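Me: I have a model open and would like to go through some of its details with you. Could we begin with how the terms are used?

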Amino acid sequence: MNLSGVVSALQARLPEMGERMAQRIRSDVDAYQNESLIPFDSLRRSCTANADLLLNQLGRGDAQDPSPARETGRVRAEQGVPLADTLHAYRIGFELVWTEILAEARNRPEVDDAQLVSQSAEIWALFGRYAEAVAAAYRETTAELTSRRQARRSALVEALFTGVIADRTLWEAARELGLPDRGPYVVAAAAADSPGEEPLAGTEAALRQAQVHFAWRLLPDQQIGLAAVPTATVDRTCLRILRRSGARVGISPCFHSLRDTPQALRFARLALAGLQGTGPGVARFDDDPLAMVVAAAPAEAAHLVEVVLQPLLDLPAAERARLLETVEHWYAAAGSATDAARSLFVHPNTVRYRLRRVEELTGRSLSDPRAAADIRAALLAVRRASASSGYVVQ
């Protein structure tokens, strides 16, 4: 079978064929109609190169380097053209070449129908081969671009959390991360049970669905995140999603400038460190700032316990537990002996007696705000030490 005359005639008209092919694709495929996305000159060059590739391959038994096809896939991936539209355009180009082959063959008596039928099978086999090359190059480029974007996004998030980013580029980082350039924001820190584990797996999808703008970074022992909470409703939504995660999460106070992200991360980690128990839960720094301060300085907190509460802790276990529990309920009741008694199921006078006993042992009056603050801080330190050691003060 010899179509050399047909091929030679079409190759002589390649520029004109590439032009018409580009016009057809631009007319029929939506993604190709945007001149700013795909300049017409670029499309015409691509069409001409792929048509030349196809014509050169016809009638040859060996496989030709599909570089033009791969280049088409690479460029379209970089331009953000959907793969389906890219392959649709590629098929239009093949159909046009085949139409041109048929039209030229009618002018050549030496080419019979049997040859054309055979050639039809070959040309569509070539289409499959080159379309695979287009798709493979497209996917490879997409994967590479995704990896680059993820690496850059991760680097920007890291820069925000460490503070190693210039003020003039903060708004650029916010834009690239999909965050507003002004708060309020919050930072969340979630504990990971093992290195590389995502304690908030699935949370990102839930936040995205709730239209909460956020940026996350996975560390060996934690997953940390920055979220924009422009309204109280968004803040509550974010909190609800984090609570459903089943992780241990600390949340910072709200802040308004991305420059304050490193400090907010510290607050979030303090909230996480101050989270009671060992199971899932969410602690907000603002819920109990004193507890967060105690968690921030464990050595100093231990010394505070020794100075303030040691005589009470030296009591027999039963009496120690009663007094500690009573003081905790009194603080929870905002200093009301009556309300504390109600929650303890005892008489108010019993509460007052126990409080006086605490004052005698500590040498501090609970009616003195400074002394009450000392006892409260020391009590928080005792409970925190008990939780972290697994030993319950009784």
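Reply: Contact, or touching, means heavy atoms within 4.5 Å. This is a predicted model, in which local features need pLDDT of at least 70 and side-chain atom pairs count only at pLDDT 80 or more, while totals for chains, interfaces and linings use all residues. Residues are numbered from 1 along each chain as its sequence is written, and side-chain values use heavy atoms, with hydrogens and water left out.

Me: Which residues does Thr72 touch?
Reply: Leaving out residues up to four places away in sequence, Thr72 touches Ser46, Asn50, Thr86 and Tyr90. Thr72 belongs to helix α4 (residues 67–79); helices (H or I, at least four residues) and strands (E, at least two) are DSSP runs, numbered from the N terminus.

Me: Is Thr72 buried or exposed?
Reply: Thr72 is buried, because its relative accessible area is 7%. Buried means under 20% relative accessible area, exposed over 50%, and partly exposed in between (1.4 Å probe, protein chains only).

Me: What about Asp85: which residues is it in contact with?
Reply: Apart from neighbours within four places in sequence, Asp85 is in contact with Val29, Ala31 and Tyr32. Asp85 and Tyr32 are 53 residues apart in sequence, and their C-alpha atoms are 8.2 Å apart in space. Asp85 sits in helix α5 (residues 83–105) and is partly exposed, with a relative accessible area of 23%.

Me: On to Ser252. Where is it found?
Reply: Ser252 is in the loop between β4 (248–251) and α10 (261–273). Its relative accessibility is 2%, so Ser252 counts as buried. Among the residues that Ser252 touches, beyond those up to four places away in sequence, are Val186, Val187, Phe267 and Phe285.

Me: Changing topic, at what angle do α13 and α15 pack?
Reply: Helix α13 (residues 317–332) and helix α15 (residues 348–362) pack at about 105°, with their axes 10 Å apart. That makes α13 roughly perpendicular to α15. Axes are lines fitted to C-alpha atoms, for helices over the stretch in contact, and angles run from 0 to 180 degrees between N-to-C directions. Angles under 35 degrees count as roughly parallel, over 145 as roughly antiparallel, 65 to 115 as roughly perpendicular and the rest as oblique.

Me: Which residues meet there, in α13 and α15?
Reply: Glu319, Arg322, Leu323, Thr326, Val327 and Trp330 in α13 meet Val351, Arg354, Leu355, Arg357, Val358 and Leu361 in α15.

Me: Where does α12 bend?
Reply: Helix α12 bends by about 55° at Val307, and Pro311 follows within four residues. The bend at a residue is the angle between axes fitted to the seven residues ending there and the seven starting there.

Me: How far apart are the end C-alpha atoms of α12?
Reply: Helix α12 (residues 298–313) has 16 residues, yet its end C-alpha atoms are only 18 Å apart, short of the 22 Å that a straight helix would reach. The expected span is 1.5 Å times one less than the number of residues.

Me: And which residues of α12 are buried?
Reply: They are Ala301, Val305, Val308, Leu309, Leu312 and Leu313.

Me: Last topic: what is the phi of Gln211?
Reply: The phi of Gln211 is near 60°, a positive value in a residue other than glycine. Most residues other than glycine have a negative phi. Ala334 also has a positive phi of about 60°, although it is not a glycine. Gln211 counts as exposed at 66% relative accessibility, and Ala334 counts as exposed at 73%.
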